[in-house]
Amino acid sequence: MSSAKTQVVTIHTDGACRGNPGPGGWAAILRMGERVRELSGYEPWTTNNRMELMAVIRALEALKRPCRAVVVTDSQYVKKGITEWMSAWKRRGWRTASRQPVRNADLWQRLDAACADHDIEWQWVRGHQGHEGNERADALANRAIDEAEAND
């Protein structure tokens, strides 16, 4: 049996937005062995990309100690941002190659900090294609919007 140090936390994330911008929701499902934790939240005025980022941020911030994690997202924006673009943004003081400010820099910086203590593998899956973890995260993100709007 493997110890907690060698176990991997699998995290499925998704963001949703009704209109872009508009009301949005995010969700994450954290799984380690038989243990499962579901997180979700709502923002009254946001964008889909911000919700995709928030889902990953909140999942990583929920981890209680450094660990190995596999983050599964249907967002190319999140995956490419963290694995391909971020190092250059940081070198350029959070500016793009065309010297424009990086969009959502506040969340990218928060994600960068949330990743610092973990060994993370990033995986992309096509959304709305029957992938169980992605479908569940999508449902939770949309439910967060529905519940918030029902309470308004």
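Is His-128 buried or exposed? With a relative accessible area of 54%, His-128 is exposed. Here buried means under 20% relative accessible area, exposed means over 50%, and partly exposed lies in between (1.4 Å probe, protein chains only).

## Basis of the report

This is a predicted model, in which local features need pLDDT of at least 70 and side-chain atom pairs count only at pLDDT 80 or more, while totals for chains, interfaces and linings use all residues. Residues are numbered from 1 along each chain as its sequence is written, and side-chain values use heavy atoms, with hydrogens and water left out.

Helices (H or I, at least four residues) and strands (E, at least two) are DSSP runs, numbered from the N terminus.

## Loop residues and backbone angles

His-128 is found in the loop between β5 and α4. The phi angle of His-128 is near 60°, which is a positive value in a residue other than glycine. Trp-94 also has phi near 60°, again positive in a residue other than glycine. Trp-94 is located in the loop between α2 and α3, and Trp-94 is buried, with 17% relative accessible area.

The loop between β1 and β2 contains Asn-20, and Pro-21 is found in the loop between β1 and β2 as well. The peptide bond that leads from Asn-20 to Pro-21 is cis, with omega near 20°. Asn-20 is classed as exposed because its relative accessible area is 55%. Although Asn-20 and Asn-48 are 28 residues apart in sequence, their C-alpha atoms are 6.3 Å apart in space.

## Salt bridges

A salt bridge is defined as a side-chain nitrogen of Lys or Arg within 4 Å of a carboxyl oxygen of Asp or Glu. By this rule the model has seven salt bridges. One of them joins the side chains of Glu-149 and Arg-18, at 3.6 Å from N to O. This pair links distant parts of the chain, since Glu-149 is in helix α4 (residues 132-150) and Arg-18 is in the loop between β1 (8-17) and β2 (22-32), 131 residues apart. Glu-149 is partly exposed at 35% relative accessibility, and Arg-18 is partly exposed at 31%.

The side chains of Asp-112 and Lys-90 form a salt bridge with an N to O distance of 2.9 Å. Here too the pair links distant parts of the chain: Asp-112 belongs to helix α3 and Lys-90 to helix α2 (residues 76-91), 22 residues apart. Asp-112 is partly exposed, with a relative accessible area of 23%, and Lys-90 is partly exposed with 40%.

Arg-143 and Glu-147 make a salt bridge in which the closest N and O atoms are 3.5 Å apart. Arg-143 and Glu-147 are separated by about one helical turn because they are four residues apart in helix α4. The relative accessibility of Arg-143 is 40%, so Arg-143 counts as partly exposed; Glu-147, with 44%, is partly exposed. Salt bridges that share partners also join Arg-18, Asp-146 and Glu-149 into one network.

## A patch of positive charge

Which residues gather in a patch of positive charge on the surface? They are Arg-35, Arg-37, Lys-64 and Arg-65. Patches are made of residues with over 30% relative accessible area and no salt bridge, with like charges joined within 9 Å and nonpolar side chains (Val, Leu, Ile, Met, Phe, Trp, Tyr) within 5 Å. Lys and Arg count as positive and Asp and Glu as negative, whereas His and the chain ends are not counted.

Within this group, Arg-37 lies in strand β3 (residues 35-46). Arg-37 counts as partly exposed because its relative accessibility is 41%.

## Buried positions

His-118 occupies the loop between α3 (105-115) and β5 (119-124). With a relative accessible area of 14%, His-118 is buried. The side chain of His-118 reaches the backbone nitrogen of Cys-67 at 3.2 Å. This is a polar contact, that is, a pair of N or O atoms within 3.5 Å; within protein, one must be able to donate a hydrogen and the other to accept it, and residues adjacent in sequence count only if both atoms are side-chain atoms.

Ala-69 is placed in strand β4 (residues 68-73), and Ala-69 counts as buried at 3% relative accessibility. The C-alpha atoms of Ala-69 and Asp-146 are separated by 30 Å, and the two residues are 77 residues apart along the chain.

Notes: Areas by Shrake-Rupley, 256 points an atom, 1.4 Å probe, with all protein chains shown as cover. Charge placed at Lys NZ, Arg CZ, Asp CG, Glu CD.
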